[in-house]
Amino acid sequence: MMPVPMIIIAPILIPFFTALACLAAWGRRRVQRRICILGAGVLCLAGGQLFITVWRQGVVTLRLGNWPAPYGIILAADTLGASLAAVAAVIGLAAIVSATYGMDRRRETEGFYAIAQVMLMGACGAFLTGDIFNLYVWFEVLLIASFVLLSLGGGKAQLEGTVKYVALNMVASAIFLAAVGLFYGVVGTLNLADAAVKVAEVNAPALMGAIGLMFLLAFGIKAAIFPLYFWLPAAYPTPSFPVSALFGGLLTKVGLYAMIRTHGLLFIPHADFWGPLLLTLAGLTMIAGMMGALSQRGFGRIISFNLVGHMGYMLMGLGLFSPMGLAGAIYYMAADMIDIATLFLIGGAVALATGNAGGDTRRMGGLWERRPFLAALFIAPAMSLSGLPPMAGFWGKLGLLRAALADRHYWIATAALAAAFLTLLSMARLWEAVFWKPPPSERHGGPERGPERRPEQRPEQRPDQNIPFVRGYAPILVLAGLSLLLGLLAEPAFQVARSAAENIIDPAAYIRAALGEAP
Amino acid sequence: MNDPSARKEEDIMKASDGAAAAAHAPVAGKARATSLVLSTAATYLLPLLLFLSVYALARGHNLPGGGFIGGIIAASAFSLFAITHDAEAAHRALRLHPRLYIVIGLFLAGGAGLAPMVAGKPFLTALWADAPFLFIQEPNTPLIFDTGVYLVVIGGVMTIFISLMED
């Protein structure tokens, strides 16, 4: 009895108290670094422990304040929530370790470490809560944390991206809140499990459809799906790159997770129009995102558009709503979180190595010779994102494609294949531009004039800045290794995803555990 | 664990002494827009309002009041003091940096949530003791939580307020 409630709340409490300790050590960079890394490490262990517990015992729940289930707020960790919380913890650790070398002193001391922990708390809370209003609260925690992280130490472009981001996300929050209110008015409960039971008795298809669409709009803005994605490429590449990695790994996925949870439990099983609608949006997201990626020249913007395009795959899995499709989406979500975060971290390392803070790939080149290890590391997430075996992205895409073909959705399968091809193209172009083509000094003819005369160079960003191995390469290496591991262990990993998917489609076990009846 | 509020009152008395001293100290060379009446009144309003805020905090569980409104009253007292004197005087009256108020407050609130877990109950379960402690009839964890909220509100409002004043 005792250890179970402790472990489900641990991924929320550990970042909370770590953030407090960082806040107490304000202005003392080294102390904050140590506290924050220690906290993120412990969070990783807790996430792993929670996942093991859930995998062995089934859904783990905790009634906050000991209030009985449909009335109080509960935390309910199923396979989906627990595994995503564990992945989020690992990405958080990698981003925080990278921040110790890749972030300027002012941003570090002005609260990055505390707010990064708040963000991890928000993500874990959203993954573990079993209550719609509580989900809204965690979204607000995430929004406030991301607002601070985005504007931290801001320049002009950064503030512009921040304003777009905050304005749109505030709208999303307002819609979300309105939808929560309407939902409570119609169904009479905000406990997810209780609502899943009661929603079947509500005989108001038009109203429920409208509420579901409001949820879709709110989560769609957060998850950056078509046509609500335009804020993302403006906002994500502008802050310091560990922040981008944290955002790219966590924020949009939380939006999509919320969609899987609410729509999967409450809306999709009760109306027919969801499947075609979600599949259409998925196809458009994929194509629009990948087209955007191919039109860009900045490293961060290319990754951001790739991130948008690949949200389409997860949405496709939700639209198919078959065990195979949803399992593919869940597996793909974990893989994509890791890959996008890795690519943002590599983008940061590349910016340091070339002295090109804006990440303009036209002024890069020749890194293959100067940074062979970085170039080799780039291959792992690029292959995974493009869907090449044996990386994780391949198995996720394979599962999604098989599910689409099994249900005879040929055009979405075509769109997914086309988007995979466009990703490959985008990644190959990125590789060519950053690593393979000759460096700019050789390209423009004449003898090598040395890096110190490049016009775009600023004093604090020397071109050949060294990247420390442990703090610089190790986070990338760990994440890339995780992606490879997820691909090599596709069989057991897919079983986990499959069990998570079946829990969404047939939520009987989740409902029983969440409402506190005997399992 | 109910002594934060008790200690608070001691702090208030000390703070008001310091505040009174600060008010009577002549400020050379600084043009101030406030009137002598207001600044003198603020000096005496500060302890009064702080006492009222603790009163609002303490009655808050069953009656109108509570940590948030108590914190707002206290923060408005400090803000009035900051307007009539200056940011430096407000810092002195607060004793601790506003950020530390936030840290201590969050720590109290989080600790109040953790305490029942030691007793094997879920996070945030309210624990009530029968034995009276000082002037509190039933010491309980919600009061600790509320005290945490009280401190966080003071710290948050004063951080914003003093930053705006110093700009």
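This is a predicted model: local features need pLDDT of at least 70, side-chain atom pairs count only at pLDDT 80 or more; totals for chains, interfaces and linings use all residues.
1. Chain A holds 21 helices and two strands. Its radius of gyration is 22 Å, close to the 24 Å that the globule rule gives for 519 residues, so chain A is as compact as a globular protein of that length. Along the principal axes, the C-alpha atoms of chain A fill a box of roughly 75 × 55 × 40 Å.

2. Burial and contact order in chain A can be read together. Of its 519 residues, 59% are buried. Among contacts in chain A between residues at least 6 apart in sequence, 79% join residues at least 24 apart.

3. The two strands of chain A are β1 (residues 60-63) and β2 (residues 74-77), which pair in the antiparallel sense over four bridges. Within this pairing, Arg63(A) stands opposite Ile74(A) of β2(A). From β2(A), Ile74(A) and Ala76(A) point one way, while Leu75(A) and Ala77(A) point the other way. Residues on both sides of β2(A) are buried, as all four count as such.

4. The largest nonpolar core has 247 residues. Those with the most contacts inside this core are Leu50(A), Ala88(A), Met119(A), Ala341(A) and Ala416(A). Helix α13 of chain A (residues 323-354) supplies the largest share of the core, 23 residues. Leaving aside residues up to four places away in sequence, Ala341(A) touches Ile91(A), Ala94(A), Ala95(A), Ala245(A), Gly248(A), Gly249(A) and Leu479(A).

5. Helix α8 of chain A covers residues 205-223. At 1.5 Å a residue, its 19 residues should span 27 Å, and the end C-alpha atoms are 25 Å apart, which agrees. The buried residues of α8(A) include Met208(A), Ile211(A), Phe215(A), Leu216(A) and Phe219(A), and Lys222(A) is also one of them. Elements covering the buried residues of α8(A) include α6 (156-187), α10 (241-267) and α12 (299-320) of chain A. After α8(A) comes Ala224(A), with a positive phi near 60°.

6. Asp506(A) lies in the loop between α20 (490-505) and α21 (508-514) of chain A. With 12 other C-beta atoms within 10 Å, Asp506(A) is exposed, because the cut-off for that class is 12 or fewer. Its C-alpha atom is separated by 32 Å from that of Ala418(A), a residue 88 positions away along the chain.

7. Chain B has six helices and zero strands, and its elements run α-α-α-α-α-α from the N terminus on. Buried residues account for 38% of the 167 residues of chain B. Of the contacts in chain B with a separation of 6 or more, 72% come from residues 24 or more positions apart.

8. Helix α3 of chain B (residues 67-84) has 18 residues, which at 1.5 Å a residue should span 26 Å. The end C-alpha atoms are 26 Å apart, in agreement with that figure. Buried residues of α3(B) include the glycines Gly67(B), Gly70(B) and Gly71(B), the alanines Ala74(B), Ala75(B), Ala77(B) and Ala82(B), and the phenylalanines Phe78(B) and Phe81(B). Ile73(B) and Thr84(B) are buried as well.

9. The contact between the chains takes 15 residues from chain A and 14 residues from chain B. On the chain B side, these comprise nine nonpolar, three polar and two charged residues.

Definitions and conventions
Residues are numbered from 1 along each chain as its sequence is written. Chains are lettered from A and ligands numbered from 1 in the order in which they are written. The expected span of a helix is 1.5 Å times one less than its number of residues. A residue is buried if 20 or more other C-beta atoms lie within 10 Å of its own, exposed if 12 or fewer, and partly exposed in between; C-beta atoms are placed from the backbone. Two residues are in contact if their C-beta atoms, placed from the backbone, lie within 7 Å. Ala, Val, Leu, Ile, Met, Phe, Trp, Tyr, Cys and Pro count as nonpolar, Asp, Glu, Lys and Arg as charged, and the others, Gly among them, as polar. Two strands pair if DSSP finds at least two bridges between them. A nonpolar core is a set of buried Ala, Val, Leu, Ile, Met, Phe, Trp, Tyr and Cys residues joined through C-beta atoms within 7 Å. The radius of gyration is taken over C-alpha atoms; the globule rule is 2.2 Å times the number of residues to the power 0.38.
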